[in-house]
Amino acid sequence: ANIYAALEEGVGIVDSSVAGLGGCPYASGASGNVSTEDVVYMLNGMDISTGIDLRKLIEAGNYICAELGKETMSKCAIARKGCI
């Protein structure tokens, strides 16, 4: 919702991370980063071209999560599990 509101106010660049990985180790209880997959999914739904292949992005996120032994934080990737 915050990224959507920022876009409506003219912001043209936002920060995200594949699978929502990363975050600040000093912010106890913080939920982490917004996933790039979810941002691209939202932008696609708004007919904003990104040049990013969402399917490949989800595959990359799933790969790195498997390598790290972590679960994806991407709602889009979770919803599409088994569908791509």
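Here is a short chat about the predicted model shown above.

Trainee: How many helices and strands does the protein chain have?
Mentor: There are 4 helices and 0 strands. Read from the N terminus, the order is α-α-α-α. Keep in mind that this is a predicted model.

Trainee: What radius of gyration does the chain have, and what would a compact globule have?
Mentor: The chain has 13 Å. A compact globule with 84 residues would be near 12 Å, so the two agree.

Trainee: And what does the C-alpha trace span along its principal axes?
Mentor: About 35 × 35 × 20 Å.

Trainee: What share of the residues counts as buried?
Mentor: 25% of the 84 residues. The chain exposes about 5,900 Å². Carbon and sulfur atoms supply 53% of that area.

Trainee: Let's take H2. Which of its residues are buried?
Mentor: H2 covers residues 36-45. Its buried residues are Thr 36, Glu 37, Asp 38, Val 39, Val 40 and Leu 43.

Trainee: Which helices do those buried residues pack against?
Mentor: Helix H1 (2-8), helix H3 (54-68) and helix H4 (75-80).

Trainee: What follows H2?
Mentor: Asp 47, with a positive phi near 60°. Asp 47 has that positive phi although it is not a glycine. You'll find Asp 47 in the loop between H2 and H3.

Trainee: Is Asp 47 buried or exposed?
Mentor: Exposed. Its relative accessible area is 75%.

Trainee: Now Ala 19. What is its phi?
Mentor: Positive, about 65°, and Ala 19 is not a glycine either. Ala 19 sits in the loop between H1 and H2.

Trainee: Buried or exposed, that Ala 19?
Mentor: Buried. Ala 19 has a relative accessible area of 0%.

Trainee: New topic. How many disulfides does the structure hold?
Mentor: 0 disulfides. Cys 65 is in none, and the nearest cysteine sulfur belongs to Cys 76, 13 Å away.

Trainee: Last one. What share of the contacts with a separation of 6 or more comes from residues 24 or more positions apart?
Mentor: 46% of them.

Technical notes:
Residues are numbered from 1 along each chain as its sequence is written. This is a predicted model: local features need pLDDT of at least 70, side-chain atom pairs count only at pLDDT 80 or more; totals for chains, interfaces and linings use all residues. Side-chain values use heavy atoms; hydrogens and water are left out. Helices (H or I, at least four residues) and strands (E, at least two) are DSSP runs, numbered from the N terminus. The radius of gyration is taken over C-alpha atoms; the globule rule is 2.2 Å times the number of residues to the power 0.38. Buried means under 20% relative accessible area, exposed over 50%, partly exposed in between (1.4 Å probe, protein chains only). Contact means heavy atoms within 4.5 Å. Accessible areas come from the Shrake-Rupley method with a 1.4 Å probe; for residues, only the protein chains shown count as cover. A disulfide is a pair of cysteine sulfur atoms within 2.5 Å.
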